[in-house]
Amino acid sequence: MSVLLTLLRRDLSQLLRGGRRGGASLPVLFFLAVAMLYPFAVGPDAPLLSKTGGGMLWVAALLAAVLPLDRLIEPDLELGMFDQWAMRGISEELVVAVRMLAHWLSFGPPLMLAVLPASALVGIDGKTLRLVELGLLAGTPGLAALGVLIASITATLRGGAALGGMLLIPLAVPLLVFGAGSLATGGEAGLALCGAVSLVYLALTPFAAGAAIRAGRG
């Protein structure tokens, strides 16, 4: 347990600070920037903004998830940290599982908080705001898992960040479809399916990402 807590504290410190690669505030600022620009693109039509604003927030959240990819795995590979952990008997799967949790903590809750001012900018009502928040609660763990998985696959490739974004967006489409789809139906089925997709990604990522890291180190 002490190993897990040590890894989690280290990962959170690295992800929140970010250094030259940008900290946890970068996705949130991008998300808010999209929310601010959207009314200018659509125009001052309040009913249209209210109808489409929730879906736009989901798209903005998905695009914001692309930004941290280059600092999830690549820095530790460059420093040889995975080799050191392997020598101490800490598996790549365990490191990845902790990294997923740290990435979600640095990305998911701040994004959900940013939805509150963003909802005022696009004029969505309280019911839609509730569905967006619940959808992000169900979907952001899956986005975090996908981010770590794709960062593991592309960490050793030239132009990995750009390639990672191209890979993440299509893989995250089910989360977007079910999460944003719940806004149209007003029901809980979309939220449940969004959560189910997230659970699948959470279950698969440690093993797939661990294998990709070992292949990259070899």
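Helices H6 and H7 pass each other in a right-handed crossing (a crossing is right-handed if the near helix is turned clockwise from the far one by less than a right angle, and left-handed if anticlockwise). The model examined here is predicted: local features need pLDDT of at least 70 and side-chain atom pairs count only at pLDDT 80 or more, while totals for chains, interfaces and linings use all residues. Residues are numbered from 1 along each chain as its sequence is written, and side-chain values use heavy atoms, with hydrogens and water left out.

The axes of H6 and helix H7 (residues 126–154) come within 8 Å and cross at roughly 150 degrees; axes are lines fitted to C-alpha atoms, for helices over the stretch in contact, and angles run from 0 to 180 degrees between N-to-C directions. H6 and H7 are therefore roughly antiparallel, given that angles over 145 degrees count as roughly antiparallel, under 35 as roughly parallel, 65 to 115 as roughly perpendicular and the rest as oblique. On the H6 side, the residues that meet H7 include Val96, Arg99, Trp104, Phe107 and Ser119, where contact means heavy atoms within 4.5 Å. Their counterparts in H7 include Leu129, Glu133, Thr140, Pro141 and Val148. By class, the residues of this contact divide into 16 nonpolar, 4 polar and 2 charged (Ala, Val, Leu, Ile, Met, Phe, Trp, Tyr, Cys and Pro count as nonpolar, Asp, Glu, Lys and Arg as charged, and the others, Gly among them, as polar).

The chain holds 10 helices and 0 strands, and its pattern along the sequence reads α-α-α-α-α-α-α-α-α-α; helices (H or I, at least four residues) and strands (E, at least two) are DSSP runs, numbered from the N terminus. A compact globule of 218 residues would have a radius of gyration near 17 Å, and the 18 Å of the chain agrees with this; the radius is taken over C-alpha atoms, and the globule rule is 2.2 Å times the number of residues to the power 0.38. Along the principal axes, the C-alpha atoms fill a box of roughly 60 × 35 × 30 Å. Among contacts between residues at least 6 apart in sequence, 80% join residues at least 24 apart.

The axes of helix H3 (residues 46–64) and H6 come within 11 Å and cross at roughly 150 degrees, which makes H3 roughly antiparallel to H6. The crossing of H3 with H6 is right-handed. Here Leu49, Ser50, Gly53, Met56, Leu57, Ala61 and Ala64 in H3 meet Phe107, Leu111, Val115, Ala118 and Val122 in H6. This contact has 10 nonpolar, 2 polar and no charged residues.

H3 in turn meets H2. The axes of helix H2 (residues 25–42) and H3 come within 9 Å and cross at roughly 150 degrees, which makes H2 roughly antiparallel to H3. Their crossing is right-handed. Among the residues of H2 in this contact are Pro27, Phe30, Phe31, Tyr38 and Val42, and among those of H3 are Leu48, Thr52, Met56, Ala61 and Leu63. The residues divide into 16 nonpolar, 1 polar and no charged.

Leu111, in helix H6, is buried, with a relative accessible area of 0%. Beyond its neighbours within four places in sequence, Leu111 is in contact with Pro27, Val28, Phe31 and Ala61. Leu111 and Arg9 are 102 residues apart in sequence and 20 Å apart in space, C-alpha to C-alpha.

Ser106 is likewise found in H6 and counts as buried at 4% relative accessibility. Not counting residues up to four places away in sequence, Ser106 touches Leu12, Leu15, Leu16 and Ala24.

Finally, Ser119 belongs to H6 (residues 92–122) and is buried, with a relative accessible area of 7%. Leaving aside neighbours within four places in sequence, Ser119 is in contact with Ile124 and Leu129.

Conventions: Buried means under 20% relative accessible area, exposed over 50%, partly exposed in between (1.4 Å probe, protein chains only).
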